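Subject: Structure for you to look at

Hello,

Here is the structure I promised to pass on. Please open it alongside this note, and then read on for what turned up in it.

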Amino acid sequence: MNTDPIADYLTRVRNAIKANHRVVEIPASNIKKEITKVLYHKGYIQSYRFDDSSIQGTIKIALKYNPTTKAPAITKLQRVSTPGLRQYVSSDNLPRVLSGLGVAIISTSKGVMTEKECKTENVGGEVLCYVY
């Protein structure tokens, strides 16, 4: 049994990047699917596919690398809010990651979104992770 599925998701992606894998397969959940969509729309992953053939389903993520230098698009994935210590922010205290170069993924009442989308929607929520 996994106590923190989001941390497991981030660790699997992080380990796949360190091992220079092209594709990583992760057990699916609704929040993991939403985080995957945010990473895709922000250009951190090349593509993704949801496979719902089994009971839980899986997420297949094609990781993105620079074609010339083979450097990964994701430099760091950092979990912020943990089950033991939840981190909530209001709409006027949204975090900036690397002075705006990174992305903070936030779970709000309107869904999972980045801190910039939260600013335009004027909502706060739980800070899930930082990506840069």
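Contact here means heavy atoms within 4.5 Å. One thing to keep in mind throughout is that this is a predicted model.

With that cut-off, helix α2 (residues 30-41) lies across β1, β2 and β3, and it runs at about 155° to β2.

The 3 strands form an open sheet in the order β1-β3-β2, with antiparallel pairing. At its edges are β1 (23-27) and β2 (45-51), each of which pairs on one side only. On average, neighbouring strands of this sheet are turned by 20° against each other, direction ignored. Between β2 and β3 (residues 58-63) there are 6 bridges, and the two strands run antiparallel. If you want a pair to click on, Asp51 has Thr58 in β3 as its bridge partner.

Helix α1 (residues 5-18) also packs on this sheet, where it touches β1 and β3. Its direction makes about 165° with that of β1.

A quick check on the geometry of α1 works out well: at 1.5 Å a residue, its 14 residues should span 20 Å, and the end C-alpha atoms are 20 Å apart, which agrees.

Which residues of α1 are buried? They are Ile6, Tyr9, Leu10, Val13, Ala16 and Ile17. Seen down the axis of α1, the buried residues fall within an arc of 125°, so they line one face of the helix. As a reminder, an α-helix has 3.6 residues a turn, so residues three or four places apart point the same way. The cover over the buried residues of α1 includes β1, α2, β3, β4 (77-79) and β8 (125-131). Just after α1, have a look at Asn20, which takes a positive phi of about 60°.

That brings me to β8. Of its 7 residues, 6 are buried, so β8 is largely enclosed by the rest of the structure. Its pairings include these:

- β4 pairs with β8 in the antiparallel sense over 3 bridges, and Gln78 has Tyr130 in β8 as its bridge partner.
- β5 (residues 88-89) is joined to β8 by 2 bridges, and the two run antiparallel; Val89 stands opposite Gly125 in β8.
- β6 (residues 103-108) is joined to β8 by 6 bridges, again antiparallel, and the bridge partner of Ser107 in β8 is Glu126.

Happy browsing, and do write back with any questions.

Best wishes

Terms used: Residues numbered from 1 in each chain as written. Predicted model: local features only at pLDDT ≥ 70, side-chain atom pairs only at ≥ 80, totals over all residues. Heavy atoms only, no water. Pairing = 2+ DSSP bridges. Helix = DSSP H or I, 4+ residues; strand = E, 2+ residues; numbered from the N terminus. Axes fitted to C-alpha atoms, helices over the stretch in contact; angles between N-to-C directions. Expected span 1.5 Å × (residues − 1). Buried < 20%, exposed > 50% of the residue type's maximum accessible area, 1.4 Å probe, protein only. Arc of directions from axis to C-beta.
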